[in-house]
Structure formats: C-alpha cells, structure tokens
Amino acid sequence: MEGERNARVTSSSSDGAISTELSSRRTGMSFQRTRMSADRTLMSVIRTSLSLIGFGFTIFQVFQKAHEADLLKSGEAPRHFGEALVWLGLAMLVIGVVYHVLFMAGLRREREMLKADGLIHAETQYPVSFTLIVAIVLLAIGVLAIASMVFNVGPFD
C-alpha cells in the first residue's frame with residue numbers, strides 16, 4: 001500500500017488511481033484557496049480598522065489643534081469621539097487577528113491530519129501569512145497612536 005501511495009500516477013495508470021490522484025490534488029488546492037480566502041478576510045479587517053484609526057486620529061488632532069489655537073472653547077466631545085474611533089479600530093483589529101490565527105491553526109491541523117492519513121500530498125509550503133504580519137504592525141502603530149492621544153506621549157504627539 002505504501003509503495004502504491006508513493007508511485008507516480010500518469011495517464012497510463014488505472015482509472016481508479018487517476019481518479020484518486022486528481023481528487024487528492026483538488027483537495028490540496030482547496031486548502032490553498034481557503035488559506036487565501038482567510039487572508040482576504042483579514043485584509044478587509046485591516047482596511048476597516050485602518051479607516052477607523054485614521055479617521056479617529058485625524059478628528060482628534062484637528063479638534064486638539066483648533067482648541068490650542070483658541071478657535072474652540074472646548075474640544076472635549078470631538079476628541080473623545082476621535083479616541084473612541086481609534087479604540088474601535090484597535091478592538092476590531094485584535095479580534096480579526098485572533099480569529100485569523102485560530103482559523104489558520106485549525107486549517108493547519110486539518111491539513112496535517114489529511115496528510116497523515118495519506119489523503120493529500122501536502123507538498124507545498126504553508127507559510128506564515130504576510131497579511132498577518134501587516135496586521136500586527138498596524139496594531140502596534142495603532143497602540144502608539146492611542147498612547148499619544150491619551151497620554152500625550154509618543155511619536156505622534
């Protein structure tokens with residue numbers, strides 16, 4: 001059985017072997033499509049979080065500068081709204097990253113089980129998601145932004 005599993009399937013192989021090989025390859029490719037779909041989902045979370053963080057920080061800065069220039073008596077309400085948008089963006093990004101990591105871990109486990117059972121080849125690599133790295137960098141930038149807003153420290157002050 002093990003020798004059959006490692007034997008190369010060609011057009012001269014039996015119909016059953018060809019059918020099994022094609023099915024195995026389609027299943028393996030479906031894991032790659034699912035992985036890419038998870039990356040696209042994380043990218044949409046990044047896009048929305050970045051918008052919330054960017055708008056929140058901008059609103060905060062505009063009203064803070066207007067208050068410092070004595071154009072407004074109080075800029076507290078808009079500043080709090082800006083902070084709330086940044087917090088919402090950060091929360092959404094954290095939830096998106098956690099969901100992505102858990103989903104990908106489950107997908108990797110399922111793939112390894114199918115590989116161990118000999119149902120798929122799993123010859124291609126399953127690299128760490130570049131999208132996940134970008135999400136974590138954005139999360140760090142967002143934390144610096146909120147620290148700058150709340151404590152008036154950091155690179156964005």
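Reader: By class, which residues make up the lining of the second largest pocket?

Author: Four nonpolar, five polar and three charged residues form that lining. Keep in mind that this is a predicted model.

Reader: How is such a space found, and how much of it lies in the second largest pocket?

Author: Rolling a probe the size of a water molecule over the atoms shows where empty space is left. Here, the second largest pocket holds about 180 Å³.

Reader: Now the helices. How are two packed helices described?

Author: By the angle between their axes and the distance between the axes. Take H2 and H3. Their axes come within 7 Å and cross at roughly 170°. Angles over 145 degrees count as roughly antiparallel, so H2 is roughly antiparallel to H3. By class, the contact of H2 with H3 has 25 nonpolar, eleven polar and six charged residues.

Reader: At what angle do the axes of H2 and H4 cross?

Author: At roughly 15°, with the axes coming within 10 Å. An angle under 35 degrees counts as roughly parallel, so H2 is roughly parallel to H4. The crossing of H2 and H4 is left-handed.

Reader: Which residues of H2 and H4 make the contact?

Author: From H2, they include Leu 42, Met 43, Ile 46, Leu 50 and Ile 53. Phe 57 and Phe 60 are also among them. From H4, look for Leu 132, Val 134, Ala 135 and Leu 138, among others. By class, the contact of H2 with H4 has 13 nonpolar, three polar and one charged residues.

Reader: What about H3 and H4: where do they lie, and at what angle do their axes cross?

Author: H3 covers residues 76-116 and H4 covers residues 130-151. Their axes come within 10 Å and cross at roughly 155°. That makes H3 roughly antiparallel to H4. The crossing of H3 and H4 is left-handed. Among the contact residues are Trp 87, Leu 90 and His 100 of H3, and Leu 139, Val 143 and Ile 146 of H4. By class, this contact of H3 with H4 has 15 nonpolar, three polar and two charged residues.

Terms used: Residues numbered from 1 in each chain as written. Predicted model: local features only at pLDDT ≥ 70, side-chain atom pairs only at ≥ 80, totals over all residues. Heavy atoms only, no water. Axes fitted to C-alpha atoms, helices over the stretch in contact; angles between N-to-C directions. Helix = DSSP H or I, 4+ residues; strand = E, 2+ residues; numbered from the N terminus. Parallel < 35°, antiparallel > 145°, perpendicular 65-115°, else oblique. Left-handed = near helix turned anticlockwise from the far one by under 90°. Contact = heavy atoms within 4.5 Å. Nonpolar A, V, L, I, M, F, W, Y, C, P; charged D, E, K, R; others polar. 1 Å grid on protein atoms, 1.4 Å probe; cavity = no way out; pocket = protein on both sides within 12 Å on 5 of 7 lines; lining within 4 Å. Points joined across faces, edges and corners; volume = space filled by probe spheres on them.
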